[in-house]
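Here are my notes on the model, as numbered points. Please read them beside the coordinates.

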Amino acid sequence: MTAAVGWRRTARFGHAEVFAVIGALSFLAARFLPLLSLPFVCPLRGLAGIPCATCGMTHAFVHLAHGELGRAISASPLGAALAAAAWLFAALDLSRAALGAPLPVPSERLARGAVALGVVALLANWAYLVVREIGS
């Protein structure tokens with residue numbers, strides 16, 4: 001039986017740190033830029049009248065960055081979870097890199113399970129958004 005997570009020494013700045021910086025920048029943008037005032041309509045909602053699988057994620061990121069957990073979850077449960085995960089990952093990975101600690105590397109089985117969970121979460125989020133849209 002193989003371990004679910006291994007450890008690997010990496011360069012100080014690699015792929016993980018690129019994603020950590022993107023996560024940190026997403027927090028700064030959601031917190032300090034007027035993203036919700038941009039005149040953008042989801043193309044699927046505009047054409048078909050139903051939300052897409054990622055509708056509400058910008059609202060979720062912005063609300064969570066302002067500490068409005070209930071509004072973030074209401075806008076998009078998956079968006080709120082992704083925002084929290086991205087920002088936690090950014091903090092943990094940038095701290096790990098600063099300390100020179102090794103990078104945890106998931107096993108292939110764990111990675112495949114995470115992808116499957118992500119697909120199920122995306123579909124469940126889309127179902128939530130469509131049902132909410134129909135109910136309103």
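**Notes on contacts and pockets**

1. Glu133 has a relative accessible area of 29%, so Glu133 is partly exposed. The classes are buried (under 20% relative accessible area), exposed (over 50%) and partly exposed (in between), with a 1.4 Å probe and protein chains only. Arg45, at 28% relative accessibility, is also partly exposed. The two side chains meet in a salt bridge, 2.6 Å from N to O. That pair links distant parts of the chain: Glu133 sits in helix α6 (residues 108-135) and Arg45 in helix α2, 88 residues apart. A salt bridge here needs a side-chain nitrogen of Lys or Arg within 4 Å of a carboxyl oxygen of Asp or Glu. Helices are DSSP runs (H or I, at least four residues), numbered from the N terminus.

2. On provenance: this is a predicted model, where local features need pLDDT of at least 70, side-chain atom pairs count only at pLDDT 80 or more, and totals for chains, interfaces and linings use all residues. Residues are numbered from 1 along each chain as its sequence is written, and side-chain values use heavy atoms, with hydrogens and water left out.

3. How many salt bridges does the structure hold? There are five. One of them joins Arg96 to Glu17, with the closest N and O atoms 2.1 Å apart. Arg96 belongs to helix α5 and Glu17 to helix α1, 79 residues apart. Both Arg96 and Glu17 are buried.

4. Glu108 and Arg112 form another salt bridge, their closest N and O atoms being 3.6 Å apart. Both lie in helix α6, and because they are four residues apart, about one helical turn separates them. Glu108 and Arg112 are exposed. Elsewhere, salt bridges with shared partners join Glu17, Asp93 and Arg96 into one network.

5. The search of the whole structure returns two aromatic pairs. Rings of Phe, Tyr and Trp (its six-membered ring) pair if their centres lie within 6.5 Å; planes under 30 degrees apart are stacked, over 60 edge-to-face, the rest tilted. Phe27 and Trp87 are edge-to-face, at 5.0 Å centre to centre and 80° between the planes. Phe27 is in helix α1 (residues 15-32) and Trp87 in helix α5 (residues 77-99), 60 residues apart. Trp87 is buried because its relative accessibility is 15%, while Phe27, at 30%, counts as partly exposed.

6. Phe61 and Trp87 are also edge-to-face: 5.7 Å centre to centre, 85° between the planes. Phe61 lies in helix α3 and Trp87 in helix α5, so this pair ties together parts 26 residues apart in sequence. Phe27, Phe61 and Trp87 form one aromatic cluster.

7. The largest pocket has a volume of about 450 Å³. A pocket is an open set of points on a 1 Å grid over the protein atoms alone, where a 1.4 Å probe fits, with protein on both sides within 12 Å along at least five of seven lines; lining residues have an atom within 4 Å of a point. Volume is the space filled by probe spheres set on the points, which are joined across faces, edges and corners. The lining has 17 residues, with Phe40, Cys42, Gly56, Thr58 and His59 nearest the centre. Which helix gives the most to this lining? Helix α3 does, with three residues.

8. The second largest pocket has a volume of about 160 Å³. Pro106, Ala111 and Ala114 line this second pocket.

Conventions. Helix = DSSP H or I, 4+ residues; strand = E, 2+ residues; numbered from the N terminus.
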